[in-house]
Amino acid sequence: MKTFLNECIARILKENKDLSKITVILPTQRLCSIFVSLLSKEINSPQFSPNIYSIRDFVSNLSDLSKASKTEEYLNLYKVYKEVFKNNATEDFENFIKWAPTLISDFNKIDSNMIDSKLIFKDLYEYQKMENLFENNSDGNDLGFWNLIDKLHQEFSKILLAKRIGTSGILYREAVKKFKNYIKNKNQFYYMIGFNALNNSEKLIFQTLLDTKQGSVLWDLDKYFFDKDSHSSAKFIKEYQREWNYYKKTPFIFNANNYTQNKRIISISTNTDYEQALKVSEITRNLSDNTVIVLGEEGILFPLLSNLKIADKKWNVTMGYKLTQLPIVRFFLAYFNLHSSSPNNNLKTIPLSQIIGSPFSKNLIFKNEIDKIENLNRILFSNFDEISFEKIKSLCNTEILLKVLHPKEDAFICIEDSISILNFIRKNKNLDEFNISVSEILLDTFEEMKIKSESNNFKIPKDALYYIMNELLKTKKLDFKGDKMNGIQIMGILQTRALDFENVIVTHVNEGTFPQSKRDESFLPFNLRKAYGIPTFLEKDSVNSYHFFRILQRAKNIFLLNNGSAGVGFLREKSRYIRQISFSKIPSHNFQEVIISQNIKKSVIKEPSINKTSEIIKKLKYISKNGFSATSLRKYLSNPIDFYSRYILEIPDYIPQTNTLNDMERGIIIHKTLEELYTPYLKKQMKIPYYDKILKKIKFTLHYYFKKYYGNKYDLTGENFLIISAYERAIRLFINKEKKLVIDNNRIFILDIEKDFKVNLNSKNEVFLKGKIDRLDKFNDVYRVIDYKTGYMNPDYLKYTSDFQRFKGDYKLHNQFQLLIYLLALKIDGEKVENFQAGVISLHSPLTTIIPLKNKSAPKNKGDNSLDPYILDEFHEFLKSVILEIFDKKKSFVSL
Amino acid sequence: MSTVNNLNAFLILNASAGSGKTFSIVQNYLVHLFKDKSDEAFNKMLGITFTNAAVLEMKSRILEQLYKFSNNKFDNMAQNIIKEVDFDKDELAKKSEVILNKILNNYGTFDIITIDSLFHRIIRGFAKELELSYSFDVEIEPEIVLNESAEYFIKKVGEDKQISNLLERFTYQKINNEENDWRLKEDLVDVGRLILNENDQLYATQLRKINLKKRDSHEKYLKHELNLLKNKNKEISTKLLEKLGLEGLNADLFTYKYVYKELKGLLNKDKEIFEKFLRLNDKLNEKKPLLKASVTDDLVNKFNQIIPYLKSDLTKITNNLISIDIIENILRDWVPLTLLSNVSSVIDKIQSEKNKILISTFSNRILKQLSINPYHNIIFEKLGNKYHNFFIDEFQDTSESQWIILKSLIQDCLQNFGENKNYGTLTLVGDSKQSIYRWRGAKPEQFIEIQKSKDLLFLKPKIEDLKTNYRSQKEIVEFNNFFYLKLIDQLEHEQTKKVYNKSLVQNAKNKQGGYVQIDFLNNNEDIDSVYLNKIIEKIKISLKSGFDYKDIAILVRYNREAREISIKFQEESIPHFVSDALLFADSNQVQFLINLIELFLNPNVLSLKIQHLKLLYHYLNKDEEVHYFLSKNLNKSFNQIFKENNLNFNFDDFNKYSLFYCIEKACFDFPWIDLKNTFVNSFLDKILHLENSEQISNPLDFLKIWQANISKWSVALNDEVNGVKISTVHKAKGLEFPVVIVPFSDKQIYNRQAKKVWFNSSEFLETDVGYARIKFTKKTSQFGNYWKGIHQKIKADEETDAWNFFYVATTRAVNQLFIISSNKNQNSYSFSRVIKNILQSKKSNEEGMFEWGKIKNKKSLKRSKAKIVTEEITYDVEKSNFEEKLFYPNTSNKNSKKGSRRKGDLIHELLSHIYSLEDIQIVLDKYYLKGKIDKVEKEYFIKIFKRIHLHPMIKKYFSKNYLSINEKSILLPDKKILRPDRISYDDKTCVVIDYKTGSKKEKDNLQVIEYMKYMGEILNRETLGFIIYIGDNNLSVKQIDFQTNKN
């Protein structure tokens, strides 16, 4: 296969003896070095290389300006914006940066296409005026923007030119000005190689060179596309052929007719993007080095690399490895964000929690301050927007923490400190080789910024720092080593310009990527752009189409991967290019469509069942002697494996930390509160004044226990505040209800509260039951066993039958089980429980006083809640059988 | 069949299921294309559908038709078009090819899009006007935003007094009402949903306009009214009881203590008191004796005299009870609705903070823009397209606001002349029987209304009914004709009858074949498992008659039914797949990975550890005792456990690498994770996407999003799997399957759950307190005519939706249709009862099943060979070591050297621009200006560079007598390229000059000698060489002797 560049070199060597007399202009910097290497293969004796420029460098040379960095563009535009708009410049940097890139890109389009900016901005103003008129809200403010935009453009150019820098548009404008003189003085012949869509400046330069016979333009376009009616790939070149004077006299020469040669083209639909990486890896195993992998979306690079069979072949990755997702970079972004967005001595909690909450900082920066960090984190959890630095300082004042969190006076100090933090991290020696490389890039970046911000011309407003650094770090990449000339090349579509490969693999051949979605970000309305010849999405589509089909021209094996899943959201459509190929009817193309089948095997993992080893039996005996609690038995009944985890392995239930009191914590507070409220009246008959005293103490007691138990963990704000005041209300309602009962001449006698019990279930073996009864009282003549519950209690769950097997696997009956255990314990203790009543007082239904345990088969409306005398005996037997089962070696702990 | 007689400006196609809807709309589209003189009419045409799948199908069909025509393949459609456009075949073929080319090369203007993407485009085009950032993302799922807004509010408690008070009061109210759940978050999230849900938006918008103060006074009014009513009732009852007592009519005289029971109940605040009064009223109205038979005539007379009073009092009480109920009902949602405007602004705030826009806010945003901008046609203009021909598919699914927007956009275009003096056109295709998206805002009545109205768009629509069924085979078409015709008599509401009375009967295109079977299961305790077995039975029948698993679809109503079937199929190893129900979370492998992240974040949580240990025990196939393995490892760190079991994974990686890197590494490191498994790589895709779009920045972020979406994230569907498709009817809309099974066809037609309903309070209360929302229960429907009306509308909607659902299900089948019903719900209005009623006239076969057509058992069906091949990824996946091989080992450059390296590079860069002494100042000024060097550096460099230029040994070569080139490349045949720092030459001599900033090294000489060698060759002159060593404060020049070194 003869590549396009080889063809060009052959032609150049044929046409020229002295290479130092020629200048070659190529679309990209990367191509320049490739071109030189290729050229050196074709020469016979040492000689001076021709001048080789990328178009960008060429233009920069011509203009005698250097390209401003993005940062420089933003900062200067911001400065100019403030100056031009004076008091009307209301936007802070955060808002400014939302529209600035669009505006700069509009400026670029106007400048590089040599459009009279005065005219176009005037038209834009008229257009906006018309729209505003329609909208009937001519408050003038908005229009002011459009009125001053020309001035903004002029001043922006001025300020950059004064610094000898420029946007790419300015570079073009200046280059064109100087171009004619420039070429007169140089005795050079120019070759322009591999270009397609040109802006007006380029058109002028190229045409001038052609017309003055000082240059040739070598196009890379297959005759097929040129001849094919309306093929968008040929749009621009065809236009030049039609319109340029030079081509009216000189015929347009085609060297290539490759596209219609034999080709194998396979379109492969995958289910996920990740599968594309797998598939590419599979394909490359059987391909030669003369292969390019074009990544439609850079995001897939990483999965691709980790799946390639690297050892087998040589590889070259053109795009670098993006750094923004690395924890170390995230840390610094959060750091800049924190100081950028915190105006006073207050710190915003969101970036702050990103800093101190991230595992990276916990393990690599604050390793020695981990307690303080956790403490701080808890506080952040409950605060909302900001926290004062003073508060942080009072909690933790180690050097490194202060270095990170101390509010910074200005951007310079912020950058300076970032360097010392970075050095601190590097000194810790916890970084691996990869992260050391990354930290070096960061160091370079920060140091460069430091030097720059020292000079007066480059003042970074503090509120801009985060955006600037974010923008900057996005562009930083870790380079791969490789060989541009040999090995399988991995690159983006733009980097394939003017290159050819025998095997071409392209990923993400979906609409939206090939071509890119038609997102046109511009302040210039579509029609205005059309009228002034500024490219719109239509032109963008043609550019994309050119790049795509160009790389296929000389290829033999083509693999087009696309994501074929019908996911949720916006349309994921196969690229139009695949349709174009399949409809193109070229006989020598062997086109095939393949779908990767889904692999959706699911395996079922069974919980392992645990055999009762002697160790476990020993533990069980210990538990038994200590006493089984109602909860532990319930746990066994609802799921034996849970019992095993909780009581044999002693693993506490996992309650994820949130910023609100969880159920267990609520329970503790409420129980403690009720205990305290009733304690003074233990063994007493309740009287109205007692209730009045209790009522006065509710709020205080609740708050006291909240503070005592959870004051460090939670703030009494937000949902916690609501919870506590809701319980206060509920307790109040409940106490009032009880008071009302007493007023109505009922007698309530508090027998016991939080009564501990421990009874032997089976006197032969030491099997104890233990627990605590919330409250025992006597209501008129009825003894009552009462369990408090903070949550809702469904009365149906307290209806018992003698079918105790129901307790197995059913957690809903927990309270019923518990009450039965209490009664049983009392009975074993010698109480006559037959005339006892048991029930739950739920604070979720404070007006209901007591929800009784009752026989399911008892008639509905009968007030009789007394117990069936036999039930406890049966229950006793049932429990014994459960205990037997627990100790039964033959029965493993299984999962139900 | 010709659907397009002339190019009417406004055409409506009534397209029942299977009637070639896509065919017609495509043909219509093509006719417009061909009629136009230019070959680019498509860029004036806009096709709008509702789903991505429909977009794809329509696009493909248009392109494929054009391709066929251009290859001289003329089908039915071609004939129709030829007739319509007055072309001959050659012309059609030729024009097709041209148009096809044009479309493919201007695909960006080939606009067939979903309504959502159309709105998306408009919003993007008007970003500035709508005060949006230029780079917003679209968010489809509102859950996270809603949750955050609710949390935001709750956090405000204690901060914002007004909100605290409201929320506190709301909690109290919940306690007083003894509601089961006090949590506010859900209520606030619900409020957010009201703002986003189209069905509620109108009311929500109105409510938002009422400020807190006013709401407060309204609330006070309502509470006051409530008290008043309660007191009134108390008063009336007390008086009435007194009166009865005075007359000697005591309770014992009444059967069942009527009257007394109710009045006392009222005073005792009994439950269900309204119902009791209602019954009493009925009794009174029916003039049934309330008094016991034994009561004396005297007392009966007394009672009869009282009856008028009694009646009027009871009516008063009942009316008051209604008012009380309504007001209490209103007050239940009062607080959350009061917060509407606050919640709404928080939702806006969160969207703008996240730079995201919820898709459900699209319509409202556009409506806002439309209302301030009457010149709608510039909307399209601004987007760069101007449309003349509009095609809207599935019109019955359009919501009210969507239609308002579309209407105003289309209207303007239709009224304007096109470039070639053609009127614009509008084609609507729809079927009100297939409207099943009411819950999402669809308003199917619009499609019926628009057909009747004559003045919509000032145009009279031409209406065509598509009568032929192209999809289903004869017996299926006939069954559906039979069934839905009979159904009309069974329907209870006019609204539904309107939907089903028209254009029901279809002609089958296929004159024979097809099979329908309806089976009734006996009611049974475990009917669900009977259903599941029946489904399997039906599948076996289909397989036997030659169909494949992938030909079969089971259509259900709820996702949980789909999952139930899936579980059964898993047990029975029936290949199948479930759309949107293949949750990531269902995969054990994904669970394992999630567990890993949780464990990293909570390394000391034992319950997580034990969970993970169990998984490890399973995967590692340990043969030791479980308890031993667990207890042994419980207190070890996982890094240690991994190591002991030869697993590479290390938790420290989470601190150093991106989450994706770590999880992917885990996939390689744990041999039981299969990267080729679609669950696993979809999961990885998700993480990768979230990371690349910067939605997450650490594992904790991810876990939060995961938990919010655990029951949503699912594996995307790929049609090519060979398995039974289990799908909800909603997902199956627009699709067809050879075999369709519709199980569980015994549900009630009406929903039992109470609905929340909006109503205008002024229609009910004396004071207008704005729109109110109440829970509409059975009780509410008994409150009188106004409420009955609402009730009727609710039921009518439910009926329509239920039958539409069934209609869509039964019309998907091509060859075989199985309906499985049961005897359940026979006593109420249910699918089972109606099916049974309709089938009464039919005879069942021996097994009690009803059949249309005959089933034939074949070996296998002839099927056209698939164009598209299915493949598996087969190779063995393993982790590459690319990090080692492909990254620069940057570590060799130690820090200490960094400073001087920069300086060295800078010196070379500066010198490459300096040719003569005069250049020094200019170049350094420039660099200083750019901020690349500071003042000190500048002075330093000027000084040192001047010293170079004036150095006695080389001064001469820096003069104007010599031509100089800096950093010029020298090409060597097939070798590396040389680039000497400076070459100066005149006619006789050539001088190579190299700058060095480091210490002197032997290889420096060799390098310069190489330069000299080639320079001599190229320029053919005597060659000298110098190395200039530039130290911090010193400068030395060394001449290289070519000759001596050469030897």
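**Domains, chain shape and selected residues of a two-chain predicted model**

The domain assignment of chain A gives five entries: domain 1 (4-65 + 175-218), domain 2 (69-162), domain 3 (263-320 + 483-595), domain 4 (327-478) and domain 5 (615-661 + 747-887). Domain bounds here come from an automatic or database domain assignment. Before I continue, please note that this is a predicted model, in which local features need pLDDT of at least 70 and side-chain atom pairs count only at pLDDT 80 or more, while totals for chains, interfaces and linings use all residues. Residues are numbered from 1 along each chain as its sequence is written, chains are lettered from A and ligands numbered from 1 in the order in which they are written, and side-chain values use heavy atoms, with hydrogens and water left out.

Let me stay with the domains of chain A. The centres of domain 1 and domain 2 of chain A, taken over C-alpha atoms, are separated by 36 Å. How many residues of domain 1 of chain A are in contact with domain 2 of chain A? There are 6 residues on the side of domain 1, and they meet 5 residues of domain 2; contact means heavy atoms within 4.5 Å.

I turn to chain A as a whole. Chain A holds 34 helices and 26 strands, where helices (H or I, at least four residues) and strands (E, at least two) are DSSP runs numbered from the N terminus. The radius of gyration of chain A is 40 Å, well over the 29 Å that the globule rule gives for 896 residues, so chain A is more spread out than a compact globule. That radius is taken over C-alpha atoms, and the rule is 2.2 Å times the number of residues to the power 0.38. Along the principal axes, the C-alpha atoms of chain A fill a box of roughly 120 × 65 × 60 Å.

Of the 896 residues of chain A, 57% count as buried. The term buried means under 20% relative accessible area, exposed means over 50%, and partly exposed lies in between (1.4 Å probe, protein chains only). Among contacts in chain A between residues at least 6 apart in sequence, 76% join residues at least 24 apart. The accessible surface of chain A comes to about 37,400 Å², with 48% of it belonging to carbon and sulfur atoms; the areas come from the Shrake-Rupley method with a 1.4 Å probe, and for residues only the protein chains shown count as cover.

Chain A carries 133 positive and 106 negative charges, and their mean positions are 2 Å apart. In this count Lys and Arg are positive and Asp and Glu negative, whereas His and the chain ends are not counted. Each charge is placed at NZ of Lys, CZ of Arg, CG of Asp or CD of Glu.

The secondary structure of chain B comprises 41 helices and 26 strands. The box filled by the C-alpha atoms of chain B is roughly 150 × 80 × 75 Å along the principal axes. Buried residues make up 56% of chain B. For chain B the accessible surface is about 47,300 Å², 47% of which belongs to carbon and sulfur atoms.

I close with individual residues. Is A:Ser49 buried or exposed? A:Ser49 is buried, with a relative accessible area of 2%, and lies in the loop between β2 (47-48) and β3 (51-54) of chain A. Not counting residues up to four places away in sequence, A:Ser49 touches A:Leu19 and A:Ser20, together with B:Lys968, B:Ser969, B:Ile970 and B:Leu971.

The loop between β16 (503-506) and α24 (526-532) of chain A includes A:Pro515, and the peptide bond from A:Phe514 to A:Pro515 is cis, with omega near -10°. A:His508 is found in the loop between β16 and α24 too. Phi of A:His508 is near 55°, a positive value in a residue other than glycine, and A:His508 counts as buried at 5% relative accessibility.

In chain B, B:Asn825 has a positive phi of about 55° although it is not a glycine. B:Asn825 sits in the loop between β18 (813-822) and α35 (831-839) and is partly exposed, with a relative accessible area of 21%.
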